[in-house]
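Please read the following report alongside the sequence and the coordinates, which are shown just below.

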Amino acid sequence: MAQNRKTIFLFPPLDTPNVAFRNLGNLRFVEVGAKWGFDDKHDGNGMALGDLDAVVSCLKGPVLLYRNNAAAPRVAVRLAGGGKNTEGTGGRIRVIGALGQTPQSQEIMSGGRYVSGDQARRTFAARAGRAFTIEVDWRDGTRTTLADAKVGRLYGIRQVSSRSIHAKNRLKQPFFTDLSAQFGHEHKATGRDGFKLQPGLPRSLNRTGPALANADIDGDGDQDLLIAGSRLSILLNNGNGVFTESPSSLPIGGTGVVVFGEGQSQRLLHLSEPPTLYTIANGQLRLAKRLAFDGVPSCAAAFDADGDGDTDLFIGGGSAAGQFPVGAPSQLFINHGSDFTGVRLGEVGLVSGCATSDMDGDGDTDLVLACEWGSVKLLLNDGGKLTDASAAWGLVKFTGLWHGVAVADFDGDGKPDIAANNAGRNTAYELHPMPVRLFYGDANGDGVMELV
């Protein structure tokens, strides 16, 4: 350890610019370090705030002192807690009405930043000529309310003036009770560590969590649970919210499960490798067919694709270990009663989610896909033949890291709309010029995709 402390100073400092992120108010942030004059290149090691000024300590460099020159009106609050908590640590301060209907909230923290501690007061934005209210919730369950506060002042609020929060203002008891222990189920991620094969992976491929479905498996009138993960667990419901694992559970891993059909004709599709169909009879699973699907399945949908009255199956293609972002060919399996015929759907990409609906109103069921490193796709159905209409419907411009999709009439106009789940905006990708691109290929011929 002593040797490490000596040698670490032989290396040059990593002089990277400081960054600052402005809150846009819509759950998004934009980097403004250069715009705000905060982008000095030093090996910053700690930061503390004094009012709205900032002090940054640097390794092998000067202390950086940033003065806030903003002229916008504001109000500051300093707390005096009871007993030995002289600075009111843990007190939650709310400023209500200073910016219209938008409340502001901050907490007094002790040592709340890396190897640094802020000045024990908090500053809030306010508008001139407007009175507002300041509330402080103390750690002991009491509250201090200061009405008719004004801009441009520093308010010192003492806990001795607080009152107990009325019962109606306290958090109500939750509407839901955690009964997870009654399941007796614990999910454990399995499979190879994808980062060892592909260090450039943007996310873990085998830690997405279990898939969940519900159906009346044992025919007793209540809903049972099916959990697909490292194994397929069937949890039978006794009607009173107590679940017991069925002996029909399978020690086979999979990425999802779909139950379709009614009564004695129920079937279960398990997205194992390969995807496997089971018939359900008296709560028991009986192997019906292993579908000829080449690769890792990611999602599935059951619907009558060819309009003949029975249920056909769509299975989306996921990515195998070492092959990301190449997806398996997605397939539509047409039901012929005792058999299914698979039809490949062409290059639809890496499919992460799927949903069905009659999107064009012609009476048959169409397919909507969420594709990672691609766009949301629409496959229109014409007598069992699915055609990619994404470009014609303007969906190709919505590219992203899509992970899920749902279809419903969200605006009440009688037409199905699409809700798609993306990776979010506050990620490391936001620091790079858009659009972000992924380059891949088997550079050294070992069967594993290299990623940039």
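The report covers the basis of the model, its salt bridges, a surface patch and the pairing of selected strands.

## Basis of the model

This is a predicted model, in which local features need pLDDT of at least 70 and side-chain atom pairs count only at pLDDT 80 or more, whereas totals for chains, interfaces and linings use all residues. Residues are numbered from 1 along each chain as its sequence is written, and side-chain values use heavy atoms, with hydrogens and water left out.

## Salt bridges

The structure holds 11 salt bridges, a salt bridge being a side-chain nitrogen of Lys or Arg within 4 Å of a carboxyl oxygen of Asp or Glu. One of them joins the side chains of D137 and R94, with an N to O distance of 3.0 Å. This pair links distant parts of the chain, since D137 belongs to strand β10 (residues 132-137) and R94 to strand β7 (residues 92-96), 43 residues apart; strands, like helices, are DSSP runs numbered from the N terminus, with at least two residues (E) for a strand and at least four (H or I) for a helix. Both D137 and R94 are buried, where buried means under 20% relative accessible area, exposed means over 50%, and partly exposed lies in between (1.4 Å probe, protein chains only). Salt bridges also link R94, E135, D137 and R143 in a network.

A further salt bridge is formed by R344 and D294, whose side chains meet at 3.8 Å, N to O. R344 lies in strand β25 (residues 340-344) and D294 in the loop between β21 (284-290) and β22 (297-303), so this pair ties together parts that are 50 residues apart in sequence. R344 and D294 are both exposed. In the salt bridge between D148 and K150, the closest N and O atoms are 3.2 Å apart, and K150 counts as partly exposed because its relative accessibility is 35%.

## A nonpolar surface patch

V19, F21, F29 and L431 form a nonpolar patch on the surface, and together they have about 370 Å² of accessible area. Patches are made of residues with over 30% relative accessible area and no salt bridge, with nonpolar side chains (Val, Leu, Ile, Met, Phe, Trp, Tyr) joined within 5 Å and like charges within 9 Å; the areas come from the Shrake-Rupley method with a 1.4 Å probe, and for residues only the protein chains shown count as cover.

## Strand pairing

Strands of a sheet pair through backbone hydrogen bonds, either parallel or antiparallel. In this model, an open sheet of three strands has the order β9-β6-β12, with mixed pairing, and two strands count as paired if DSSP finds at least two bridges between them. The edge strands, β9 (121-125) and β12 (154-158), each pair on one side only. Strand β6 (residues 74-80) runs antiparallel to β9 and is joined to β9 by five bridges, with V77 standing opposite R122 in β9.

Strand β23 (residues 312-317) is mostly covered, six of its six residues being buried. From β23, D312, F314 and G316 point one way, while L313, I315 and G317 point the other way. Six bridges pair β22 and β23 in the antiparallel sense, and the bridge partner of A300 in β23 is I315. Strand β24 (residues 331-335) also runs antiparallel to β23, to which three bridges join it, and I315 stands opposite Q331 in β24.
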